[in-house]
Amino acid sequence: SDLYKCGNSGLYIHNSNHINILDNTVYDNGTQLIMRHDNAAATFPITDCSIDSNFFVSRNTDQLVASFETIDNDLSVFGAFDNNAYCCPLNEDLTIYTKYVNGAQINATVSLDNWRTTYKKDLNSTISPIILEQYEILGAKSSNYFLNSDFENNISNWTFSSKYGNGRIALATG
């Protein structure tokens, strides 16, 4: 299935186990995949899930690709993770957030390589096939190149082109 443009999370696994997440495309959500074990069900940890053959794609650098959180030190038993694509073309270094308790709470935002090395997960998974540089708007040459760009009073100086002559420009009135 395809999941996109959800404000908080595309897929959210909360205090659940034996969940299969297979063959999905999850794009442009607050976080693409969240798996969270918290005090709402402290004795019901996340275990034995299968996360395989998914595309998790963050459109912006402020979107995490994945977040794995637990009140225990048990990220390694969340399940089997493999053949996924964890994509954040603008920043592949900080795509996966991990949070667990090992005497003290430990938080880290890591790359796929770090996740793979630390937890032995996603051994055949990949990052974005291309890496893009973050763009920066350096300035504008003028305030506006379009005369009458707000359409508030009239539609003068605007035209259209349509192969079948079925286009129209009209002033929207309230």
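What is the order of the strands in the open sheet of three strands, and what pairing does this sheet have? Some notes on that and on the rest of the model follow.

1. Ground rules. This is a predicted model, in which local features need pLDDT of at least 70 and side-chain atom pairs count only at pLDDT 80 or more, while totals for chains, interfaces and linings use all residues. Residues are numbered from 1 along each chain as its sequence is written, and side-chain values use heavy atoms, with hydrogens and water left out.

2. The three-stranded sheet. The order is β3-β6-β9, and the pairing is parallel. Strands here are DSSP runs of E, at least two residues long, and helices are runs of H or I, at least four residues long, numbered from the N terminus. Two strands pair if DSSP finds at least two bridges between them. At the edges sit β3 (20–22) and β9 (79–82), each pairing on one side only. From one strand to the next the twist averages 5°; for such angles, axes are lines fitted to C-alpha atoms (for helices, over the stretch in contact), and values run from 0 to 180 degrees between N-to-C directions. β6 and β9 run parallel, joined by four bridges, and Ser50 has Ala80 in β9 as its bridge partner.

3. Around β8. Six of the seven residues of β8 are buried, where buried means under 20% relative accessible area, exposed over 50%, and partly exposed in between (1.4 Å probe, protein chains only).

4. The core. A nonpolar core is a set of buried Ala, Val, Leu, Ile, Met, Phe, Trp, Tyr and Cys residues joined through side-chain atoms within 4.5 Å. The largest one has 24 residues, and Leu33, Met35, Phe68, Tyr86 and Trp115 touch the most other members. Elements giving two or more residues to this core include β2 (9–14), β5 (31–37), β8 (64–70) and α1 (112–119). Leaving aside neighbours within four places in sequence, Met35 is in contact (heavy atoms within 4.5 Å) with several residues, among them Ile13, Ile51, Phe68 and Phe81.

5. A loop residue worth a look. Thr47 lies in the loop between β5 and β6, yet counts as buried because its relative accessibility is 19%. Beyond its neighbours within four places in sequence, Thr47 is in contact with Ser16, Asn17, His18, Val77 and Phe78.

6. Salt bridges. The whole structure has three, each being a side-chain nitrogen of Lys or Arg within 4 Å of a carboxyl oxygen of Asp or Glu. Glu69 and Arg36 meet at 3.0 Å, N to O, and link strand β8 to strand β5 from 33 residues apart. Glu69 is buried at 8% relative accessibility, whereas Arg36 is partly exposed at 23%.

7. The other two pairs. Asp28 and Lys5 meet at 3.7 Å, N to O; they are 23 residues apart, with Asp28 in the loop between β4 (25–27) and β5, and Lys5 in the loop between β1 (2–4) and β2. Asp28 is buried at 10%, while Lys5 is exposed at 58%. In the remaining pair, the closest N and O atoms of Asp113 and Arg116 are 2.7 Å apart. These two are about one helical turn apart, because three residues separate them in helix α1.
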